[in-house]
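Morning, everyone. Have a look first.

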Amino acid sequence: MMEIKPLACEPFDSLFGAFASAFADYEMQLDKEGFAAMLRRRGFDPALSFAAFDGGRIVAFTLNGTGQFDGKYTAYDTGTGTLKVYRGRGLATRIFEHSIPYLREAGIGQYLLEVLQHNTRAVTLYRTLGFEVSREFHYFRQSKDNVLNNVPDLPACRIETIDTHRISTLPDFGDFTPSWQNSSEAIARSPEDFTAFGVYEGTKLIGRGIFEPASGDITSLAVDAKHRRKGVGSLLFGKMLSRIANHSIKIINTDTRCEGITAFLCSKNIFPAGKQYEMIKRFDRWI
């Protein structure tokens with residue numbers, strides 16, 4: 001008998017098993033350590049996450065994160081999946097509709113997610129559920145061996161490690177609001193997973209970069225507008241590459257309207273691998 005329940009008491013291994021099974025046919029795979037890091041970073045809230053169980057086994061799920069986004073208490077779709085043999089039964093919709101009263105009772109003001117643009121079936125589903133596109137994002141992937149980066153000689157600049165616990169207190173320098181998983185709040189959930197570098201001219205911070213060395217995920221790379229096109233970004237980027245342990249790098253969720261970061265990455269032989277929609281369902285439009 002199919003039953004939808006919260007995941008508050010579900011053991012980690014059960015969650016990972018369901019996630020691995022649901023995404024077994026995807027190009028990108030996560031091991032247990034990577035899955036745990038993803039949950040920490042995205043603010044996974046098991047009490048407000050739900051799954052469909054068939055005979056006690058998770059067959060479909062939505063893992064929700066919670067936190068602040070754009071000044072509102074927000075639920076974020078950390079991962080939605082269905083085991084292959086259970087697809088086409090509307091379980092994702094049933095889980096989402098089941099969760100709404102619990103999210104509202106918890107004070108959630110809006111629901112946020114990202115979806116690959118080429119996943120037209122999912123995009124159509126979310127539109128049907130009342131979600132609206134708020135932004136378009138690029139995502140990038142490249143092997144470290146194929147990255148081109150000439151590190152300039154900038155004797156007036158130095159690079160220092162930044163305490164990741166201090167990220168929220170420092171200038172951002174970015175040209176767009178970071179997505180959920182790249183925000184300072186996301187980094188603060190698991191600062192030990194990240195490394196941050198700053199470029200200084202004298203005592204002034206003029207650029208900063210934040211990344212996960214294990215996964216190769218670059219979450220932030222930004223330079224003070226007054227110091228751009230002088231090699232500061234390339235200097236910083238080179239330092240980050242030298243500390244990434246993964247054989248490849250990825251940069252997820254750069255705003256497509258930000259031509260500067262796209263041009264910078266393309267100059268390094270890192271081109272967009274695809275696009276995502278950021279979609280929001282606001283508190284006054286719950287179904």
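**Cavity, then pocket**

Start inside. Twelve names to find: the largest cavity has Thr62, Asp77, Thr80, Ala92, Thr93, Phe96, Tyr111, Leu113, Leu125, Tyr126, Leu129 and Phe131 as its lining. Which of them has the largest share? That is α3, with three residues.

Remember that this is a predicted model.

By class, the lining of the largest cavity has eight nonpolar residues, three polar and one charged. Its volume is about 70 Å³. How many cavities of 30 Å³ or more does the structure hold? One.

On to the open space. I'm taking the second largest pocket. Its volume is about 940 Å³. The lining runs to 43 residues. Nearest the centre of this pocket lie Gly174, Leu221, Ala222, Val223 and Ile261.

Where does the lining of this pocket come from? At least two residues each come from β3 (57-69), α5 (184-189), β10 (217-223), α6 (232-243), β11 (248-255) and α7 (259-267). The element that gives the most is β10, at six residues.

The lining of the second largest pocket splits into 19 nonpolar, 16 polar and eight charged residues.

To recap. The largest cavity: about 70 Å³, with α3 giving the largest share of its lining. The second largest pocket: about 940 Å³, with β10 giving the most to its lining. Thanks. Over to you.

Conventions. Residues are numbered from 1 along each chain as its sequence is written. This is a predicted model: local features need pLDDT of at least 70, side-chain atom pairs count only at pLDDT 80 or more; totals for chains, interfaces and linings use all residues. Side-chain values use heavy atoms; hydrogens and water are left out. On a 1 Å grid over the protein atoms alone, a cavity is a set of points where a 1.4 Å probe fits but cannot get out, and a pocket is an open set with protein on both sides within 12 Å along at least five of seven lines; lining residues have an atom within 4 Å of a point. Grid points are joined across faces, edges and corners, and a volume is the space filled by probe spheres set on the points. Helices (H or I, at least four residues) and strands (E, at least two) are DSSP runs, numbered from the N terminus. Ala, Val, Leu, Ile, Met, Phe, Trp, Tyr, Cys and Pro count as nonpolar, Asp, Glu, Lys and Arg as charged, and the others, Gly among them, as polar.
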